[in-house]
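Subject: Structure handover

Hi,

Here is the structure we talked about. My notes on helix packing follow.

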Amino acid sequence: MSLSIRLTQVMPLWRLAFRPLFLFGVLFSLLAMLAWGGFWHGTLLIEPVGGMLWWHQHEMLFGFVAAIVSGFLLTAVQNWTGQPSIKGWPLLGLVAVWLVGRLLLAFPDALGSPAPWLIALVDLAFLPLVALVMARLVIRVKQWRNLIFLPVLSLLVIANALMHWGLNRADGELVRQGAYLAVLLFGMLMVILGGRVIPFFTSLRLKRQKPAPLPALERLAISSVAALIGIELLAVVGLALPGVVVAVVALTAGVANFWRLARWEGWRTWGEPLLWGLHGSYGFVALGFILFGFAALGLLPASLGIHALTVGGMGTMILAMISRVSLGHTGRPIETLPGIGLALGLMLAAAVSRALIPALLPQVTHWMLSLSILLWCLAYAVFVMLYTKPLLTARVDGKDG
């Protein structure tokens with residue numbers, strides 16, 4: 001009996017990537033938000049690399065979101081390719097790389113103050129390893145359609161490197177460009193994955209035919225986001241385009257994705273939180289692009305569009321997706337557990353508090369930020385209470401995974 005088989009038999013946590021990466025990613029987001037909330041109210045709970053502002057931006061993207069996205073992709077690629085994905089000791093090693101990166105960034109002094117290049121190298125290693133595992137499986141079965149995720153993961157590594165490089169050079173603009181690039185890349189993943197799963201899940205639940213996609217609209221919804229990413233890459237190399245060009249592309253992305261969302265009949269899903277949570281999160285993705293466009297014209301702070309994408313889009317879509325995936329892949333019926341509807345409502349309220357109310361009432365921004373932190377923590381605490389046991393224990397149907 002191999003060591004990996006023995007490990008997965010003793011500890012079901014290491015049977016598929018979604019288990020440890022969902023659980024540890026969510027727990028990390030709670031701790032990171034509590035640390036950010038303490039800092040916001042004048043209490044410094046940690047002294048991380050780069051200071052709290054850099055650490056908050058970086059870790060919510062490359063600590064939390066990257067872990068969840070990786071757990072989803074490394075689990076989904078097994079279904080897409082029919083090939084077994086990473087598990088056992090190799091999975092434990094991959095998660096250890098992610099965890100060591102988090103510890104080095106949060107507690108550099110306690111860990112001997114390693115050189116900045118070493119901290120960056122450890123942190124940067126995680127996503128290339130995820131891309132390597134995915135590439136091997138996709139290429140093995142020549143499933144070229146799913147290679148679209150590999151360039152996105154590669155560009156995320158570049159975005160992460162930009163944030164570290166900007167920190168090392170004390171270049172705030174470079175840090176901002178790296179963070180914005182990461183947000184847009186995760187936005188692209190939400191547009192691609194959302195376009196695949198939201199109409200499919202909705203049609204299954206409603207027992208209705210899935211709306212036939214409009215090819216021109218699908219191309220516009222995705223290509224406009226890709227164009228935004230391209231514009232951000234040009235800015236990184238010093239070729240910033242005029243704000244009006246950025247605004248036109250961003251507004252096009254927002255309108256196209258709102259139109260796309262409207263065709264998925266989300267108004268029919270109000271009785272099913274796992275569905276309206278997905279529709280609501282996709283709405284914030286589209287809204288985020290629109291606010292990003294207004295910011296390019298100087299009409300709003302860019303942080304509002306960024307937080308519509310991150311809190312409303314990523315935070316809510318992640319909660320809805322991991323609540324569903326964690327049930328299906330542990331052999332449980334896919335149904336809304338008591339409290340998850342409330343948690344999703346709290347996440348949407350957090351997005352409104354962080355991205356919309358400050359646009360209308362800038363004078364209450366401080367209190368709205370505090371409220372959004374509290375709502376985030378409450379929402380994800382519900383997930384931890386409901387899903388820790390399923391993620392730590394074997395499938396109820398006796399199957400592997």
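Helix α12 has 21 residues and spans 29 Å from first to last C-alpha. That is close to the 30 Å expected at 1.5 Å a residue (1.5 Å times one less than the number of residues). Helices here are DSSP runs of H or I, at least four residues, numbered from the N terminus. α12 bends by about 35° at Ser353 (the angle between axes fitted to the seven residues ending there and the seven starting there).

This is a predicted model: local features need pLDDT of at least 70, side-chain atom pairs need 80 or more, and totals for chains, interfaces and linings use all residues. Numbering runs from 1 along each chain as its sequence is written, and side-chain values use heavy atoms, without hydrogens or water.

α12 (residues 340-360) packs with α10 (residues 273-296) at about 10°, axes 9 Å apart. Axes are lines fitted to C-alpha atoms over the stretch in contact, with angles from 0 to 180 degrees between N-to-C directions. The pair is therefore roughly parallel (under 35 degrees). Contacts (heavy atoms within 4.5 Å) include Trp276 and Phe284 of α10 and Leu344 and Leu348 of α12. By class, 13 residues are nonpolar, 5 polar and none charged (nonpolar is Ala, Val, Leu, Ile, Met, Phe, Trp, Tyr, Cys and Pro; charged is Asp, Glu, Lys and Arg; polar is the others, Gly among them).

The axes of α3 (residues 51-81) and α7 (residues 172-206) come within 11 Å and cross at roughly 30°. These helices are therefore also roughly parallel. Their contact has 15 nonpolar, 1 polar and 1 charged residues.

Best wishes

Technical notes: Helices (H or I, at least four residues) and strands (E, at least two) are DSSP runs, numbered from the N terminus. Angles under 35 degrees count as roughly parallel, over 145 as roughly antiparallel, 65 to 115 as roughly perpendicular and the rest as oblique.
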